[in-house]
Amino acid sequence: MWRILKDKKHWINIILFFAGVVIVVLYSICEESCRYLRGSIFNIDLKYLGLFYMGILTLFNILKRELIFLFLLSLGTGAELYLIGFQIKNSIYCSYCLLFGAIIFLLFLLNFERTKKVLIIISIVIGFIMFSFLFESSVTPVYAEERRFTINVPEDILLPSFGNSQVKVRLYTDYFCGPCKSLEPQLEHIITDLVKKNIITIAFIDTPIHAKTTLYARYFLYILNEKNELVRALRARAVLFDAAKNKITEKEKLEAFLRKKGVKFKPFDTKPTFSVLSSYLKEDRIDATPTCVICSGGKKDRFTGPLDIIKALNRLRESSPR
């Protein structure tokens, strides 16, 4: 069977190349949650490097330039070994990254040539060392403009937090995350009820997974600076999710959209608030949206995905005395 596979390896390679491209595309699409695990080489995102790499392998496979192909494939195998080690070290795993790595390893096994093992070993080592020096990563989203993170919250800092309960709930979402958009309307009644009954203190923490989220997070705070109350916060979030759905990414157009919706805002310096929000992102090791962290009695529970979050908040409501 293995000999048959080896005889057909050029065609099987193409199928595996296509599978690798599909995995990269799926990685860019949010399903149950939007994952955050950033990596780049020379500021080029690994997603694009992965697509380029598969394209180059496809080219040399079609041309049957086996020596160059094997060299490049071995380089990629070394790089994948480093990336898997990186995920293990940080205890943060990306299923798509691991699947892409599995494709590379399958290609490597299928095209392995014992007579070229010296070239293969050297290439794997080079790939591993290259990535160890050139790979730039981030496992937790933070507001890039902030240099200092603190969880000491001065009284004059505006935070999107509501309620006075000892049960602290932090809801991490992103306006450009599809699952987050579907979740928040379902939570409005639950959150309002929980805060009204003094069961929870809720904090909305915008999570900058997507490029334009910081702009939206700033205007969410501007809106609360006009009037800081839960009903207004929920309304503001609904409007901002609507703006993201309409792919509004420019400041002037976002302001016009807010005015059209009758949402007032008052600009102020958001850096201190962003510093605090970044500290929570780091403290809770947020790597996906939507995520809900519930802190109660010295215990911290974490839930990711709309279904788990809704169930967790409903359990709080059901378990509290009426």
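## The chain as a whole

Helices (H or I, at least four residues) and strands (E, at least two) are DSSP runs, numbered from the N terminus. By that rule, the protein chain has 12 helices and 10 strands. The model is predicted, so local features need pLDDT of at least 70 and side-chain atom pairs count only at pLDDT 80 or more, while totals for chains, interfaces and linings use all residues. Residues are numbered from 1 along each chain as its sequence is written, and side-chain values use heavy atoms, with hydrogens and water left out.

Of the 322 residues in the protein chain, 49% are buried, meaning under 20% relative accessible area, where exposed is over 50% and partly exposed lies in between (1.4 Å probe, protein chains only). The accessible surface comes to about 17,300 Å², and 60% of that belongs to carbon and sulfur atoms; such areas come from the Shrake-Rupley method with a 1.4 Å probe, and for residues only the protein chains shown count as cover. A contact means heavy atoms within 4.5 Å. Among contacts between residues at least 6 apart in sequence, 79% join residues at least 24 apart.

## The largest pocket

Now for the empty spaces. Rolling a probe the size of a water molecule over the atoms shows where empty space is left. On a 1 Å grid over the protein atoms alone, a cavity is a set of points where a 1.4 Å probe fits but cannot get out, and a pocket is an open set with protein on both sides within 12 Å along at least five of seven lines; lining residues have an atom within 4 Å of a point. Grid points are joined across faces, edges and corners, and a volume is the space filled by probe spheres set on the points.

The largest pocket has a volume of about 820 Å³. Of its 32 lining residues, L46, L49, G50, L83 and F131 are the closest to the centre. Helix α4 supplies the largest share of this lining, with eight residues. By class, the lining has 23 nonpolar, five polar and four charged residues; Ala, Val, Leu, Ile, Met, Phe, Trp, Tyr, Cys and Pro count as nonpolar, Asp, Glu, Lys and Arg as charged, and the others, Gly among them, as polar.

## Two cavities

The structure also holds two cavities of 30 Å³ or more. The largest cavity has about 100 Å³ of space, and of the 13 residues that line it, K9, E66, F69, L70 and N111 are the closest to its centre. Its lining divides into three nonpolar, four polar and six charged residues.

The second largest cavity has a volume of about 30 Å³. Its lining has eight nonpolar residues, no polar ones and one charged. Helix α8 gives the most to this lining, with three residues.

T213 is found in helix α8, which covers residues 213–226. T213 is buried, with a relative accessible area of 0%. Leaving aside neighbours within four places in sequence, T213 is in contact with D174, F176, T207 and P208. The side chains of T213 and D174 are joined by a polar contact of 2.9 Å (a pair of N or O atoms within 3.5 Å; within protein, one must be able to donate a hydrogen and the other to accept it, and residues adjacent in sequence count only if both atoms are side-chain atoms).

N61 sits in helix α3 and is buried too, with a relative accessible area of 3%. Not counting residues up to four places away in sequence, N61 touches H10, N13, I14, F17 and F69.
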